[in-house]
Amino acid sequence: MTVLNKTFNTPYNTAPFSKIKTEDYLPAFKEGIKKSKAEIDAITANTEAPTFENTIEALDYSGEELDRLSSIFFNLNSAETNDEIQKIAQDVSPLLSDFSNDITLNEDLFKRVKAVYDSKSSLDLTTEQNTLLDKKYKGFSRNGANLPEDKKEKLRAIDKELSQLKLKFGEHILAETNKFEMHLTDESDLSGLPEGAKEAAKQLAESKDKDGWLITLDYPSYIPFMTYADNRALREELSKAFGRKGFQNDELDNQNIVLKIAQLRFERAQLLGYKTHAHFVLEERMAETPEKVTSFLNELLEKAKPAAKDEFEELESFAKELDGIDQLQKWDSGYYAEKLKQKLFDLDDEQLKPYFKLENVINGAFTVAEKLFGLQFEEINTIDKYHDDVLTYKVTDADGELVSIFYADFFPRAGKRNGAWMTSYKPQMIKDGKNERPHISNVCNFTKPTKSKPSLLTFNEVTTLFHEFGHALHGMLANTTYPSISGTSVYWDFVELPSQVLENWCYEKEALELFATHYETGEVIPMELVEKIKASATFHEGMQTLRQLSFGLLDMSWHGIDPSNITNVKSHEVEAFGDTSLYPDVAENCMSTSFSHIFQGGYSSGYYSYKWAEVLDADAFEYFKEEGIFNKIVADKFKTFVLSQGGTDNPMTLYKKFRGQEPKPEALLRRAGLLK
Ligand SMILES: [Zn+2]
C-alpha cells in the first residue's frame, strides 16, 4: 500500500508531498477506486430500508480517500507537473470517468436514492439535507435514470454523438487557427507594434525557416497586431481571417456541426422532459429560467446602449480626426480605442508597480480578511511543500481556533500551467461530530523578483491576487456538514461572487492605504493615480457591455428555443445580434462557427453568467460601501450567509439573507458609469 492510501500522520493531516513517489500514483488510484466501489456496494447491499442516513449521507461521505488523492494529483498536474505525471493523468482519467459512470448508471443505487427522494416530505430534513438530497437525485435523473430502456439508449446515443461533434468542432477551429499565417517581409508593415510583439513575430518566422515576420491567429500574436498595427489593410486582412474560422464551406466548416449540436441538445432536453436545452441547464443555476436570463440581458442592453452609442461616436470622430476614417470597422476598434485610452489616461503599469510589492499586497489581502472576518494568518514551516516557492500558512479565527491551512504559490515555472486559480487539498465537512477544516491553495503566475528588485505587481496582478484570495476565503470559511456542497461547490453563476467582490477593495483609498506603499520610499499611493486606475477601468464600458451581452444573447438564441427551424447559421446570428451591433456586419465572417465557449466548452446557456456575476458583486459591494467597507455587521452577514454556506441552500435565498433583497443591476451600471 502506498503512502497515499494510508492515514497521513502529518501536522494537520496535510499532504505528505516529500514522501510521495511518482510511481505511487497509479497503484494508489487503483486502490482508491477499489475502496470507493466497496463503499458504494455496502450502500446497495444494505438490507435495511433506504434512509437519508444510510443512502444519501453514506453516498456523500464515500470516496474520501479517492477524493483526497485526486486533489493532490490533479493539483500537482496543474502546478508542478512533468512528462511522467502527464502520462499518469492520461492513464488515470479514463479509470475515474468509468468509475463515475458506474455510479450514475448503478440502478440499485438509484432505486435507493429515489426511494428516499420520493418520501422527502415525510422526512423532516434540514435545509442542507434537502439540498443534498435534491442534488444527489438530480445527478441521476438528469442523466436519464428515470427513462425506460429504449429512451435511455437514445440518450446515450445522443451523448456519444454530441461529444464527437464537439470534438470535431474544436479540431476544425484548431486546424483553421494553425493553417493561417500572415507573412510580412517589409518592416514598415509592422509599424506601431511594440518591440516585444515584433520580436515574437520575427522569432516565429525564424522557427519556420522564413525571413521577415509571421503573424498568426493565436491570441499572443493576433491581439497586439489588432491593437497596435498602423497598417489598416493588414488589420482588415487579419481580422477577416480570424472571423472566417469554420465558415469557409470547406472540410473545416462548422455550420452543419453548429446546427446539429443545437438540435441534439434540444432533443436531449426534450427526452428528459425539459422544454429546451437552456431550461435543462438553468434548472441548476441561480438564474433559473431562460426567460429570466433573456430579460436580464435585455434590461442591461437597454441601459448600456446609450453609453455605448456615445462611446462609439466619440471613437469614430477620434479616428476621423486622426486618420480621416469615414466608417469605423471592426478591425479599427482595438486600434483606435488603445490610442484614445493613451490620450485620455496616460497611465502605464510602470508608474503603479513600485506601490505593489508582492509581500505588501499579500499582507494587504490578509489585513482585509482580518478586518472583515477576524482571520489571522501565520506563516508556518512545519508542513510539507511541493516546491520551495510555496508559502504555507495556518489560518485561525479570533478565538485562536484553526480555520484552514493555506498554501500560496505565486511564481511561474516550467511545470505550472498559465493563469491563476484557487483549489483545495482537503475539503471541509462535519463528520462523526468533528468539523474537519479545509486545506486551501492559491496558484498564480506573478512577476518574479530579481537580484536587484523585489516582485512588483502590475495592477492587474493585484486584482487577480484579491480575486483568487476571495475564492480562497469561500473555501476557508466553509462551515457545512456535507463535503459535496461545501465551500465553492455552489451553482455556477454564484461561484464568482466572493472572488469578484473582493477585487473591489483594490480600488478603495481606505484599503489601499493599508498596503499600497512605495517599496523604496514607503509613500502611500497618490489618490490621483487611484482615480486614474478607476477611470481607465471603466473606459469604453458601454461598448464592452454591449459585446458581452451580444454573446449572451447569441448563446440563448441557440439554446433557449426549438432550433428545428434554423437553417442558416449566419442569418440566424445576424438576427440574434440585432440590437447589439455598432459596427457594420462583415458578410464573410461568422461568430457561431468558432464560438468554442458554447459549442465546445461548458458555457452553453451560461455565457450570461459573466455579467450576472458582475451584477452580484457590484450589488454586494454597494452594501459594504453604504455601511463602510470594513463594517463588521455587513462582513458578518457576508460570512454567515454566503462564505460559510457553500451550496447548502438556493443561492438567491442566501443572497437575500445577506443583502435583504434581490440583486439589482443599478449598482453595476453606476460603477461602470452607465447610469447618467
Ligand atoms: Zn474566479
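**View 1. Leucine 264 and its neighbours in the predicted model.** Setting aside residues within four places in sequence, leucine 264 is in contact with Ile158, Glu161, Leu162 and Leu165 in this predicted model. The residue belongs to helix α11, which covers residues 255–271. At a relative accessible area of 4%, leucine 264 counts as buried, because the cut-off for that label is under 20%. If you go looking for proline 563, its C-alpha sits 9.5 Å from that of leucine 264, although 299 residues separate the two in sequence.

View 2. On the domain 1 side 30 residues are in contact with 34 residues of domain 4. Between them the two domains bury about 2,800 Å², and 56% of that is on carbon and sulfur atoms. Within domain 1, the residues losing the most area to domain 4 are Tyr12, Tyr61 and Glu128, which together make up 26% of what that side buries.

**View 3. The largest nonpolar core.** This core has 106 residues, and the ones touching the most other members are Phe356, Phe406, Phe466, Phe469 and Trp505. Helix α13 (residues 290–323) supplies the largest share, with twelve residues. Where does the core lie relative to domain 3 and domain 4? It lies between them, because both domains give residues to it. Zoom in on phenylalanine 356 and, leaving out residues up to four places away in sequence, you'll find that it touches Val361, Ser455, Leu456, Leu457, Phe459, Val462, Leu512, Phe515, Ala516 and Ile525. There's also a second, separate core of 32 residues, with Ile173, Ile261, Ala269 and Leu272 among them.

**View 4. Strands β3, β4 and β5.** Strand β4 (residues 391–396) pairs with strand β3 (residues 376–379) in the antiparallel sense, over four bridges. One of the pairs to pick out is glutamine 376 with its bridge partner in β4, threonine 396. β4 also pairs with β5 (residues 402–409), again antiparallel, this time over six bridges. Here threonine 392 stands opposite tyrosine 407 of β5. The hairpin of β4 and β5 has five residues between the strands, and glycine 400 takes a positive phi near 80° there.

**View 5. Histidine 467 and its polar contacts.** Histidine 467 is part of helix α17 (residues 459–476) and is buried, with a relative accessible area of 13%. Which side chains make polar contacts with the histidine 467 side chain? One is that of glutamate 496, at 3.1 Å, and another is that of serine 499, at 3.4 Å. Not counting residues up to four places away in sequence, histidine 467 touches Glu496 and Ser499, along with Gln500 and Glu503.

Notes: Residues numbered from 1 in each chain as written. Predicted model: local features only at pLDDT ≥ 70, side-chain atom pairs only at ≥ 80, totals over all residues. Heavy atoms only, no water. Pairing = 2+ DSSP bridges. Helix = DSSP H or I, 4+ residues; strand = E, 2+ residues; numbered from the N terminus. Buried < 20%, exposed > 50% of the residue type's maximum accessible area, 1.4 Å probe, protein only. Polar contact = N/O pair within 3.5 Å; in protein donor to acceptor, adjacent residues only side chain to side chain. Contact = heavy atoms within 4.5 Å. Core = buried A, V, L, I, M, F, W, Y, C linked by side-chain atoms within 4.5 Å. Domains from an automatic or database assignment. Buried area = accessible area lost by both parts, 1.4 Å probe.
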